[in-house]
Amino acid sequence: MIDFELSENIVKSREMIHMVGEQLMRPISREYDEREHEKPTEFLETMWKLSAGSSFGSDREADKKAAASGPRESNLASCVSIEELSWGDAGLYLSIPNPGLGGAAVLAAGTAEQKQRFLAPFKDGAPKWGAMAITEPHCGSDSAALQTTAVRDGDDWVLNGTKIYCTSGLMAAEKSDGFVVVWATVDKSAGRAGIKSFVVAAHTPGMKVIKVENKMGIRASDTAMIVFEDCRIPLDNILGSAEVQTGNEGFKGAMATFDATRPLVAASALGIGRAALDFAREALERAGVKIRYGAAQSTLTALERDFMEIESDLQAARLLTWRAAWMMDRGKRNNLEASMAKAKAGLAVTRVTQKAVEFLGPLGYSRKLLLEKWMRDAKINDIFEGTQQINMLIVARRILGYSSKELS
Amino acid sequence: MFDLEMTEDQKLIHDTVASFAKGEIRPIARDCDESGEIPAGLAEKGFELGLVHSAIPEEQGGFGETRSAVTGAIVAEELGWGDLAIALHLLTPRLLVYPLLEAGTPPQIAQVLPPFALGHQVATAAVVEPRFDFDTTRFTTTAAAKDGGFVLNGAKCFVPLADESQTILVVAQLGDEPAAFLVPRRANGVVIGEREKNMGVKALATYEVGLENVVVPASARIGDAAAIARILNRSRIALGALALGMGRAAFDYARDYAKERKAFGVAIAQKQAIAFILAEMAIEIDASRLLLWEAAWMLDQGKEATRECVLAKRYASNACLKITDNAVQVLGGHGYVRDHPVELWLRNARGFTSFEGMAIV
């Protein structure tokens, strides 16, 4: 039955996480934006204790099994939690110790044994981070063009190549006992079919962080460049089959990770957008400006029109995101819907935050308020985990029934 | 618990109305637009689908089904996909029936509704006024209390089927608040003007209606200001859902055309310039539907939802205008000629910012 009420469990956990955002994140938000490359150790320790063991993303087999036994809502719950954390601070949210996108890849493509081996250490001990390394200096959206190689040598895979823009890469590779999921080709002549993902444990010799990026926003989160030089990992650290299948199946499997992670990134965008929208609404109301929803067209001010437009854009993005997550929870394929949500949310949050800065005039531009920071933070959501344009391309292919060859 | 699955009943209603829209409405839409007429028998067929009497209580001869704004939005989307003018024509009885169900007293319901359960009856509502600054929070048509009844004065426009209707639901300003009244078509002072000539929805007969010292009894008043606010919210969902359906029609057509039409050796849909337009249409259609369903669901839950209804209608009608405009663009010159339906959808789409008061969900 069509129902927009969130379950009691989700509402309760949202309230709790909101308090985390309000009390632990907002007070240090500005500080760790300004002190880029420094880590809020106390906050990270607290979050590790609060959330140890929980992974974002979805275990496909568990989803399928659960869907058969009754409604499940772990993906939707993740989206709601992430929105709340990002309402607190998106950079700090990204820096929280957890398996991250690397964990999502393990859940989506790993065997039961691999899930246990790589994710169980996140249940206790010192804080750990997981990360995912796909992008290379010469290729981003075109992940099939990546040049990092994995060559089998006896009982090892040997990795060589350079990865950039790896979120939490520094923490995952060198500053904790986490892991990095690395995408590499086992057979360049096979094109997409040769691309596989590999789990590289932290501190593995041959893996080295050579740069941490200076960024426009999400500065509390480290974005690393990682070089792999004859980096040896065990044979059974490959996610999925080592066989190079003909056709696109193997690559599709790898890309399926994004069906799980795109709604989560969209959810983060929603949180930043809501922070900016709520702040702007309250500031305007204090100044005596109230948005009149039922008023006649001819009497609406430009500000009211803009406000209504960004407010409904953000809500549209939220519902598209929840739908994509809900479909995963129900074991339905959501490739189209995940890309719709990501494309919409990335664009919406960019516009919402830019408009909110505009609404507040010179106050909006000032670093005294967090609004300008939210605008800087927001833009990354239009870029990472698939730019708006690559997601539009996926949507277009799906609605037209075209392969990547037919529509490139 | 969050869920986007229709109930079995809703699926059945959806499928029935969708196949009616495809089989009975779409094939005649262009002819109706050109001739300005809708075949007499179509409204009867619509009635047989239960479009009107399913929500009428059993005591008045209907099926007594729960009226749901979500189900109403599902029905309106499918009819809007068929054709906007025909959809509005078929649903006009609801313009009287639904506000009565929403806010009528038992005697008013008992007096007015039974004929609507027996067969197709024409009825209408007069809400919109002919001025650029038309405002649903302050009508210029006035109602004044007099001798235990009311006297109505003013001008209305875009009143569907006013000339054939027996009863018109008139919304007017009563002091500080809007109020609704049942006005017999033949009452003294009711002046039905010439049939209007509109840019779109040309198959729908709409009229200006003048009210010159029209006297109605106290019992003619339906509900209070709060009821009218609820009725206006239902109208927003209805119009938004019709816009959504028409936008989807334009998207379907443009998508299929773009896959057929070749340029530079490939289908034009294989060019990103066209493919991205189509992708955006698909996203905005789904976004509109979700916003409308959420607002409709809030109405069904009895929650205050003016903000959500206003935003959902604005969103859906803006999306529809952009989608239909882009559909014409995808077809290029072929979109501009009347051999294809997309120009009709664009003409229709512009109306949603002018239409109000269509409480047909």
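**Exercise 1.** Work out what share of the contacts in chain A with a separation of 6 or more comes from residues 24 or more positions apart.

*Solution.* Keep in mind that this is a predicted model. Start with the pairs in contact, meaning C-beta atoms within 7 Å. Keep those in chain A with a separation of 6 or more; residues 24 or more positions apart account for 78% of them.

**Exercise 2.** Decide how the radius of gyration of chain A stands against the globule rule.

*Solution.* First, the inventory: chain A has 14 helices and 8 strands. Then try burial, which asks for 20 or more other C-beta atoms within 10 Å: buried residues come to 53% of chain A.

**Exercise 3.** Find which residues have the most contacts inside the largest nonpolar core.

*Solution.* That core has 261 residues, and the ones to pick out are Phe181(B), Ile237(B) and Leu278(B). By element, H8(B) gives the most to it, 19 residues. Now zoom in on Phe181(B): leaving out residues up to four places away in sequence, its partners include Phe150(B), Val170(B), Val216(B) and Arg221(B).

**Exercise 4.** Describe the side of chain B that touches chain A.

*Solution.* Count first: 38 residues of chain B are in contact with 36 residues of chain A. Helices H7 (225-260), H8 (272-300) and H9 (306-331) of chain B each give two or more residues to that side. H8(B) has the largest share, with 13 residues. Finally, sort the side of chain B by type: 22 nonpolar, 6 polar and 10 charged.

Methods. Residues are numbered from 1 along each chain as its sequence is written. Chains are lettered from A and ligands numbered from 1 in the order in which they are written. This is a predicted model: local features need pLDDT of at least 70, side-chain atom pairs count only at pLDDT 80 or more; totals for chains, interfaces and linings use all residues. Two residues are in contact if their C-beta atoms, placed from the backbone, lie within 7 Å. Helices (H or I, at least four residues) and strands (E, at least two) are DSSP runs, numbered from the N terminus. Ala, Val, Leu, Ile, Met, Phe, Trp, Tyr, Cys and Pro count as nonpolar, Asp, Glu, Lys and Arg as charged, and the others, Gly among them, as polar. A nonpolar core is a set of buried Ala, Val, Leu, Ile, Met, Phe, Trp, Tyr and Cys residues joined through C-beta atoms within 7 Å. A residue is buried if 20 or more other C-beta atoms lie within 10 Å of its own, exposed if 12 or fewer, and partly exposed in between; C-beta atoms are placed from the backbone. The radius of gyration is taken over C-alpha atoms; the globule rule is 2.2 Å times the number of residues to the power 0.38.
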